[in-house]
Amino acid sequence: MPIDFHLSPAEEGVRDAAAAFAAGPLKDAKKTYMRYQKHTERFQSTRPFYRQAVAGGLIKGLVLPHLGGTAGSLIESAILVEEMYRVEPAPSLTIFSTGLGLIPLNLTGKPEHKEFLEPFLTGEGEPLASMVFAEPGGVANYLEEGAPGLNTTATLEGDEWVLNGEKIWATNCAGWDFEGADLQCVVCRTTTPSSDKPADAIMILLVTIADIKRNAPGAFKVLRHISTAGHTACSGPHIKYTNLRVPAKNVLCPPGTGVAVVSGAFDCTAVQVGAMSVGVMRAAFDAALAFAKGDNRRGKSDLLTRQAVADLLSGIKMQTEACRALTWKAAHSLQNGPGDYNARRELALAAKVYCSDTCAKAVTDAINMVGITAYDADQPFADLLSTAMVLPIFDGGNVGIRRRHMQELILAKDYDPWASTYGPSKLPNDAAPDGQASEGGASDAEAPTEAAPNGEAQQDAPGGRDS
């Protein structure tokens with residue numbers, strides 16, 4: 001297959017639709033939510049914009065076609081995310097966080113769980129989904145043997161699971177009215193695991209707003225709303241489950257099967273964070289370029305003629321292009337290969353780490369280029385920096401989680417560094433003796449240490465051709 005960076009008709013369609021939505025409803029979203037002081041009110045004020053996204057097919061585009069949705073490829077997803085994040089990140093994050101909340105159902109693809117997807121397929125209302133994973137104190141070491149593990153537990157009592165514990169930072173988890181999202185995918189641990197291995201205790205329970213309403217008051221509770229430096233119109237509060245009962249049918253991933261789905265979900269969103277980073281870098285470049293063309297700082301010619309300014313601008317441009325190329329390659333590789341799942345996963349991790357780190361630097365370079373004017377709140381740079389600073393530390397922090405996952409891949413005895421580009425390593429005669437993988441390479445038949453469930457982690461894409 002030839003290397004070709006021209007967008008296909010489907011990809012062009014996604015980009016055009018995303019750009020139109022960004023230039024229409026999203027463009028004025030900030031004017032609406034900044035009328036309010038409290039972050040909770042800002043979040044609630046974006047509800048009409050979310051409703052337009054639902055009506056326009058964006059939410060249905062978060063569900064795979066075989067489950068009734070219109071999701072396209074991961075490259076289409078990256079294109080969509082970039083176009084929207086370039087214009088307005090806060091309401092965009094609410095949309096894409098619903099996508100994260102639906103990825104576990106996309107990965108498992110179980111027909112018996114289609115009923116949980118129905119609110120997201122109608123094109124009506126403002127249904128929110130949430131992947132409820134992070135906890136107070138963090139989750140970077142939740143699979144370490146001998147450690148406490150997740151504090152959120154599930155106990156089977158008859159034909160119900162009883163949920164207890166606290167979560168935090170899960171975007172959308174409390175819903176628009178802070179009584180609970182339409183659907184929560186809650187990562188928890190069973191109190192009766194089959195072994196002492198932490199992974200054998202991890203499960204995923206589905207909690208709907210209907211389940212919450214069937215419980216006693218206080219079974220689901222918001223303990224604290226968090227005011228953040230950026231994305232000030234999003235909601236990811238500190239919540240608590242107290243003896244919250246859900247039917248046994250709400251088990252999405254039984255104990256022992258949850259880790260692979262959690263990992264697969266965040267592999268998909270790693271690509272999305274790469275695209276978010278590109279969108280922010282693109283906005284920073286455009287704003288800095290416009291300033292350099294229109295201001296001379298009392299000189300004879302505009303700033304763009306100054307070498308120092310041009311050097312900074314060209315650096316931002318090159319970084320943006322490089323990050324987009326890495327993100328698109330990661331998206332294509334995660335979905336299509338070559339290499340085993342770990343090889344493809346490595347590029348997704350690389351896109352998240354490299355692009356988010358680079359984004360923070362690029363925005364800072366744009367600020368340095370503009371100078372003190374960038375500190376004016378009427379300029380976009382402070383908002384861009386507030387957005388950029390969270391990209392390396394959310395969705396699995398680069399230092400605490402993502403780089404460690406890359407380290408684990410590199411440490412593996414069968415690590416094959418270039419398999420995601422060229423396929424599994426081969427000996428000169430194109431065959432390893434006795435069916436063994438060549439040195440430094442892995443056989444296609446070998447199972448990855450963290451396999452995608454059903455091999456489908458690479459197939460989910462937020463935003464489809466109907467977007």
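A: Helix α8 covers residues 258-294, and its 37 residues should span 54 Å at 1.5 Å a residue; the end C-alpha atoms are 54 Å apart, so the two agree. The expected span is 1.5 Å times one less than the number of residues. Helices (H or I, at least four residues) and strands (E, at least two) are DSSP runs, numbered from the N terminus.

This is a predicted model: local features need pLDDT of at least 70, side-chain atom pairs count only at pLDDT 80 or more, and totals for chains, interfaces and linings use all residues. Residues are numbered from 1 along each chain as its sequence is written, and side-chain values use heavy atoms, with hydrogens and water left out.

How many residues of α8 are buried? The count is 31 of 37, so the helix is mostly covered. Buried means under 20% relative accessible area, exposed over 50%, and partly exposed in between (1.4 Å probe, protein chains only).

Now the aromatic rings. Rings of Phe, Tyr and Trp (its six-membered ring) pair if their centres lie within 6.5 Å; planes under 30 degrees apart count as stacked, over 60 as edge-to-face and the rest as tilted. By this rule there are six aromatic pairs. Phe133 has a relative accessible area of 10%, so it is buried.

Next comes Glu82, in helix α5. Glu82 touches Ala275, Val278, Gly279, Arg282 and Arg324, leaving aside residues up to four places away in sequence. Contact means heavy atoms within 4.5 Å. With a relative accessible area of 5%, Glu82 is buried.

Helix α5 (residues 74-87) also meets helix α9 (residues 307-336): their axes come within 8 Å and cross at roughly 145 degrees. Axes are lines fitted to C-alpha atoms, for helices over the stretch in contact, and angles run from 0 to 180 degrees between N-to-C directions. From α5, the contact uses Leu74, Ile75, Ala78, Ile79 and Glu82; from α9, it uses Arg324, Thr327, Trp328, Ala331, His332, Leu334 and Gln335. These residues divide into seven nonpolar, three polar and two charged. Ala, Val, Leu, Ile, Met, Phe, Trp, Tyr, Cys and Pro count as nonpolar, Asp, Glu, Lys and Arg as charged, and the others, Gly among them, as polar.

Last, the loop between α8 and α9 holds Arg297. Most residues other than glycine have a negative phi, and most peptide bonds are trans. Phi of Arg297 is near 50 degrees, a positive value in a residue other than glycine. At 44% relative accessibility, Arg297 is partly exposed. Further along, the peptide bond from Gly337 to Pro338 is cis, with omega near 10 degrees. Pro338 lies in the loop between α9 and α10 (341-370).
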